[in-house]
Every structure is written in C-alpha cells, then in structure tokens.
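Dear colleague,

Please find below the sequence and the three-dimensional structure that I am handing over to you. My notes on what was found follow directly after them.

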Amino acid sequence: MKKLIIINGPNLNLLGKREPNIYGSLTFTEFYDEIKQKYPNVSLDYYQSNIEGELIDKLHEVGFSYDGVILNAGAYTHTSIGIGDAIKGIETPVVEVHISNTFGREEFRHQSYISPNAKGVILGFGLQSYELALESFL
C-alpha cells in the first residue's frame, strides 16, 4: 500500500469560501473525504499550515518514510527558497500541485522555487490536480 501525504500551504484552509470563481466551492475536507473513499488502497494523510517553517518541518518529518508528497505550497511556491531546499534535501518524491493555472494569473505566480526539485508539476485542473498527482504515484 502506497503511503502518500497531501501538504497544503497558506490560505488553502479557506477553500470553499475563498474566491470560489478561482478555487471552487468545495472545501478541502469534503474533497479529501471523497478522494480517500475513491482510493481505499492508498494510505493518504493530510496536513495544512499557513506557516512556512511548519511546512518545512512536515517535509522533513515525512521525507524519508513516505512514498510521495503532493504539495500545494500556495503563495510560498513563489517566495520560499527554504521550501525548495527542503524538497531538495529529502528522499521522498514531491509533486507540485496548483488548483489554478498559475501561468494565467499575475506574473509573480509564474516563478516557482519548488518546480526545480519536484518530480513533476500539475496545475490548472481545479481540485482534480491533486487526484492527478496521486495517480502519478500509483
């Protein structure tokens, strides 16, 4: 059984409330419950924090014992060299995920400090981006 974790960064705890025209109206908890039911043969964990250091600590914690990390670092994608370095320092492969197409948004969202160290990048497919990332580990 594959052991995977979804790690979400800042403001993703507001899914279902925050800018539904971009992020949709489903809460992440609702989506997470659905995806766990759809993939009963995957051991799937979830973690969310609005704090950069806590995200780095979680990557260090799971980065040598999990089969994969699905990471949506939110705005930290575009600003955090520390998260990029944490991914470079762990053994567990990371797939970078974004709900929206970041290249169709503000120019500052076109830069990622995660992508160079990620197994792959999936963006622009709404919450289905997470499921596509999960499938990449199966």
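Tyr 130 is buried, because its relative accessible area of 0% is under the 20% cut-off. Please bear in mind that the model is a predicted one.

In general, two packed helices are described by the angle between their axes and the distance between the axes. Here, the axes of α2 and α5 (residues 128-136) come within 11 Å and cross at roughly 35 degrees. The crossing of these two helices is right-handed. On the side of α2, the contact is made by Phe 28, Phe 31, Ile 35 and Lys 38, and on the side of α5 by Tyr 130, Glu 131 and Leu 134. Sorted by class, this contact has five nonpolar residues, two charged residues and no polar ones.

Aromatic rings form a further topic. How many aromatic pairs does the structure hold? There are five aromatic pairs. One of them joins Phe 31 and Tyr 130; this pair is tilted, with 5.8 Å from centre to centre and 50 degrees between the planes. Phe 31 lies in helix α2 and Tyr 130 in helix α5, so the pair ties together parts that are 99 residues apart in sequence. Is Phe 31 buried or exposed? Its relative accessible area is 7%, so Phe 31 is buried. Ring pairs also link Phe 28, Phe 31, Tyr 32, Tyr 46 and Tyr 130 into a cluster.

Two lysines are placed over rings. Lys 3 lies over the face of Tyr 66, at 4.5 Å from the ring centre. In the case of Lys 58, the charged end sits over the ring of Tyr 47, 4.8 Å from its centre.

Thr 27 is located in the loop between α1 (20-23) and α2 (28-38). Its relative accessibility is 26%, and therefore Thr 27 counts as partly exposed. Apart from its neighbours within four places in sequence, Thr 27 is in contact with Leu 15 and Gly 16. From C-alpha to C-alpha, Thr 27 and Ile 99 are 13 Å apart in space, while 72 residues separate them in sequence.

Ser 100 belongs to the loop between β4 (94-98) and β5 (120-123). With a relative accessible area of 9%, Ser 100 is buried. If residues up to four places away in sequence are not counted, Ser 100 touches Ile 22, Arg 105, Leu 123 and Gly 124.

Lys 119 is likewise found in the loop between β4 and β5.

Yours sincerely

Terms used:
Residues numbered from 1 in each chain as written. Predicted model: local features only at pLDDT ≥ 70, side-chain atom pairs only at ≥ 80, totals over all residues. Heavy atoms only, no water. Helix = DSSP H or I, 4+ residues; strand = E, 2+ residues; numbered from the N terminus. Buried < 20%, exposed > 50% of the residue type's maximum accessible area, 1.4 Å probe, protein only. Contact = heavy atoms within 4.5 Å. Axes fitted to C-alpha atoms, helices over the stretch in contact; angles between N-to-C directions. Left-handed = near helix turned anticlockwise from the far one by under 90°. Nonpolar A, V, L, I, M, F, W, Y, C, P; charged D, E, K, R; others polar. Phe/Tyr/Trp six-rings, centres within 6.5 Å; stacked < 30°, edge-to-face > 60°. Lys NZ or Arg CZ within 6 Å of the ring centre and 35° of its normal.
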